[in-house]
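Please consult the sequence and the structure shown here while reading.

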Amino acid sequence: MQTQVTTPKIRVINPNTSASMTDLIERCARGVVAAGTSVDAVNPSMGPASIESHYDEALAVPGLLEEIRRGDADGVQGYVIACFGDPGLDAARELARGPVIGIAEAAMHTASFLGRRFSVVTTLDRTIGRAEDLAAHYGMARFCGGYHACDIPVLELESDPAAQQRITDACAAALESDGSEVIVLGCAGMADLCEAISKQLGVPVIDGVAAATVLVEGLVRLGLRTSDRGEFAHPLPKSYSGALKSFTIEP
Ligand code: 5HY
């Protein structure tokens, strides 16, 4: 029997530095947790404005890890990494005291419970390789019928008045071409669209922010956290130098 935690304190980290996207993510996360769960969303002060390349992703990780350290100091019990590339997920698991879930892994696992096959609809074509690699890494590739881009850069999701329609059209085309039954939205910036698209297309549409938030809430309620044994044990004491000096792991 696990210890039940009655008031989970969850933090959703948007690893890009777009404060308006963080607000959207926080609204969506708050909309799905149980009464009594505290959830907030933050973004690092350093790093890329959006994440849509391997370069962006690598440079988003130090800021993300800084937020994990800050969260642990604030008494946060569980974390969501709210970017569909799940950047820094393994490192965050080593560092954080509580469980950490990425939105891609949460969305893909959730979709696999709801149909034989899901389709991923993401922003730019160049991010598809990362989604494919993650699906393979998570053992989810066999559930995935295809990966599709709607050709809208991350930061234009908010400003392009045609974005919702274009994403909906891409989802409809994906269901058709893949013979799939479920849609996974491939960007945290699409978090507010899943209900409308689901209503319009008549299939489950998964937003990873909502899925990861309720999954981590469940783990915290169960008193479960990342195992300290083996691969995800706390990083070994080590000094870091130069711009990364503050990342030194003290003995
Ligand atoms: C995301 N980029 O969820 C990803 C998604 C993408 O800044 N937040 C970002 O487009 O690959």
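The model is predicted: local features require pLDDT of at least 70, side-chain atom pairs are counted only at pLDDT 80 or more, and totals for chains, interfaces and linings use all residues. Residues are numbered from 1 along each chain as its sequence is written, and side-chain values rest on heavy atoms, with hydrogens and water left out.

**Overall fold**

The chain has nine helices and eight strands, where helices (H or I, at least four residues) and strands (E, at least two) are DSSP runs numbered from the N terminus. Its radius of gyration, taken over C-alpha atoms, is 18 Å, close to the 18 Å given by the globule rule for 251 residues, so the chain is as compact as a globular protein of that length. The globule rule is 2.2 Å times the number of residues to the power 0.38. Along the principal axes, the C-alpha atoms fill a box of roughly 55 × 45 × 30 Å. Of the 251 residues, 53% are buried; buried means under 20% relative accessible area, exposed over 50%, and partly exposed in between (1.4 Å probe, protein chains only).

**Ligand site**

The ligand is surrounded by N16, S50, I51, C83, F84, T123, T127, V154, G186, C187 and A188, a residue being near a molecule if one of its heavy atoms lies within 4 Å of it. This shell divides into six nonpolar, five polar and no charged residues; Ala, Val, Leu, Ile, Met, Phe, Trp, Tyr, Cys and Pro count as nonpolar, Asp, Glu, Lys and Arg as charged, and the others, Gly among them, as polar. Domain 1 (9-103 + 210-247) and domain 2 (105-207) each supply at least three residues of the shell, with bounds from an automatic or database domain assignment.

| Residue | Protein atom | Ligand atom | Distance |
|---|---|---|---|
| N16 | polar side-chain atom | oxygen | 2.9 Å |
| I51 | polar backbone atom | nitrogen | 2.5 Å |
| F84 | polar backbone atom | oxygen | 3.0 Å |

Taken alone, the ligand exposes 290 Å², of which the protein buries 96%; accessible areas come from the Shrake-Rupley method with a 1.4 Å probe.

**Helices 2 and 4**

Helix 4 (residues 103-112) is mostly covered, with nine of its 10 residues buried. Among them are I103, A104, M108 and S112. A73 lies in helix 2 (residues 54-73) and is exposed, with a relative accessible area of 69%. The C-alpha atoms of A73 and R97 are separated by 9.9 Å, while the two residues are 24 residues apart along the chain.

Note on methods
A polar contact is a pair of N or O atoms within 3.5 Å; within protein, one must be able to donate a hydrogen and the other to accept it, and residues adjacent in sequence count only if both atoms are side-chain atoms.
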